[in-house]
Amino acid sequence: MSDVAAIEQLVKDYKALKNEIHQVIVGQEEVVDQVLISIFSRGHCLLVGVPGLAKTLLVNTIADTLGLSFNRVQFTPDLMPSDIIGSEILDESRQFKFIKGPLFNNIILADEINRTPPKTQSALLEAMQERRVTAAGTTYTLPHPFFVLATQNPIEQEGTYPLPEAQLDRFMFNIWVDYPTFVEELAIVKSTTSDTKIQLKQIVSGEKIAEYQELIRRIPVPDNVLEYAVKLVAKTRKDNPMAPQLTKDFISWGAGPRASQYLIVGAKCHAALHGRFSPDIDDVKAVALPILRHRIVRNYRAEAEGFSNDRLITELMKSQ
């Protein structure tokens, strides 16, 4: 199949996926779009939102429609690295045998990831970056494709372990899950308080996802789009010659090179899902907020004057 035909097929599968997901998930259009973009871009997602907004249900539904193996890990303060990676045990014949942990699945829902101590968070870090884990000196490759979709509650900070910048940087997207609208909430209440059971169809297989991931990497990018993405990231760094006054006034730390890489891969995927064979600057802008919002650190002045990360990124995109 040619790349042109493959992109046309990807668009069809993407529309079918969204229709299937929306049989269970009401609204949350942007959230569903961004999670699917990250999956086809080989990235991980951090879903931030208050409890009860169907974050877990969304991940479960996506796993069902993609025909991938799924596991949910509830992160707690007493969770140890071996609880997620797996551990060695003595079997009946007194031989050491490795029992695989929940990480050995295609989709991992890391629920309330900021509730577990740093050593368990760092065990997840190797899995996310290297797509493999090490136990008792032996390295095990994780199944392909492999995604971590983590959730975080922004309200409670009592008894939590905030993710370090190095781990936040491993997430392609930081997705804000907002409250539903009045009409959406009516539909949610109507569908969840009756006895209707929805049987979801598998739309895309794991092998097909791997093919689409490779297809997206092959999409060509014009030089002006590459320059726009790299310049946008450079503008978040206060000591960079390209940084505007806004950055110098309100940003302590800017985004690293991984942000530029994700902007390009995300823009390629966004263009492909909309049936285009090459991304433009609007595609970069479409994915910029969830990619950059967890990669810039505001200073006290920004907090005092009400400049959120999203507002700063929006202003920087306007100044291009």
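**Briefing: a predicted protein chain**

The count of disulfides (pairs of cysteine sulfur atoms within 2.5 Å) comes to zero. A disulfide is a covalent bond between the sulfur atoms of two cysteines. This is a predicted model, in which local features need pLDDT of at least 70 and side-chain atom pairs count only at pLDDT 80 or more, whereas totals for chains, interfaces and linings use all residues. Residues are numbered from 1 along each chain as its sequence is written, and side-chain values use heavy atoms, with hydrogens and water left out.

**Cysteines**

- The sulfur of Cys45 has its closest cysteine sulfur in Cys269, 11 Å away, which is too far for a bond.
- Cys269 is accordingly in no disulfide.
- Cys45 is buried (under 20% relative accessible area; exposed is over 50%, partly exposed lies in between, with a 1.4 Å probe and protein chains only), at a relative accessible area of 0%.
- Cys269 also counts as buried, at 0% relative accessibility.

**Overall form**

- The protein chain contains 14 helices and 11 strands; these are DSSP runs numbered from the N terminus, with helices being H or I of at least four residues and strands E of at least two.
- Along the principal axes, the C-alpha atoms fill a box of roughly 70 × 45 × 40 Å.
- Of the 320 residues, 49% are buried.
- Contacts are defined by heavy atoms within 4.5 Å; among those between residues at least 6 apart in sequence, 76% join residues at least 24 apart.

- Gln121 is part of helix α5, which covers residues 118–130.
- With 1% relative accessibility, Gln121 counts as buried.
- Leaving aside residues up to four places away in sequence, Gln121 touches several residues, among them Ile113, Asn114, Tyr161 and Gln167.

- Asn106 is found in the loop between β4 (96–100) and β5 (107–111).
- Asn106 is buried, its relative accessible area being 11%.
- Asn106 and Leu68 are 38 residues apart along the chain, and their C-alpha atoms are separated by 5.8 Å.
- Residues up to four places away in sequence not being counted, Asn106 touches Leu68, Ser69, Pro143, His144, Pro145, Phe146 and Phe147.
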